[in-house]
Amino acid sequence: MLLRGANHVIKFDANHDMDARPQWTPAGHVNHGCYPNCAIKKKRNGLWLTSIRKIEQGEELLIDYAFDLGEEFEPCRCGHARCRGLMLKRKDWPKLRKLMSKVL
């Protein structure tokens, strides 16, 4: 799942994405967090932004952008104590380490 700031598209999978412009959906107001409080769920009638835990009033809405290693990804600045440091899918970290070991 990824959210690109300039074009506001959330890619759910190879066949589904969501127009996340703020005027169309609340998903346009969601930021990345390594430990998110929301997720995008596919249901019969479309993609939905859903909470995955209780969200306190005034708390920022967060999803894991989970960029693929082949895509452009950015440093994470979510501020969580256990921040991963990059907005990259967890499963791609071993591949990144392997690539980095070849460069260094």
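The structure is a predicted model, in which local features require pLDDT of at least 70 and side-chain atom pairs count only at pLDDT 80 or more, while totals for chains, interfaces and linings use all residues. Residues are numbered from 1 along each chain as its sequence is written, and side-chain values use heavy atoms, with hydrogens and water left out.

**Confidence**
- The protein chain has a mean pLDDT (the predictor's confidence in each residue, from 0 to 100) of 79, and 74% of its residues reach 70 or more.
- Strand β1 (residues 2–3) has the lowest confidence in the protein chain, with a mean of 44, whereas β7 has the highest, at 90.
- Over residues 1–6, pLDDT stays under 50, and the model has 26 contacts (heavy atoms within 4.5 Å) for them beyond four places in sequence.

**Strands β5 and β6**
- Strands (E, at least two residues) and helices (H or I, at least four) are DSSP runs, numbered from the N terminus.
- Strands β5 (residues 38–43) and β6 (residues 46–51) run antiparallel and are joined by six bridges; pairing requires at least two bridges found by DSSP.
- Two residues separate β5 from β6 in this hairpin.
- Cys38 has Ser51 in β6 as its bridge partner.

**Asp64**
- Asp64 lies in the loop between β7 (62–63) and α1 (93–103).
- Asp64 counts as buried because its relative accessibility is 17%; buried means under 20% relative accessible area, exposed over 50%, and partly exposed in between (1.4 Å probe, protein chains only).
- The side chains of Asp64 and Arg84 make a polar contact at 3.0 Å. Such a contact is a pair of N or O atoms within 3.5 Å; within protein, one must be able to donate a hydrogen and the other to accept it, and residues adjacent in sequence count only if both atoms are side-chain atoms.
- A polar atom of the Asp64 side chain also lies 3.0 Å from the backbone nitrogen of Ala66.
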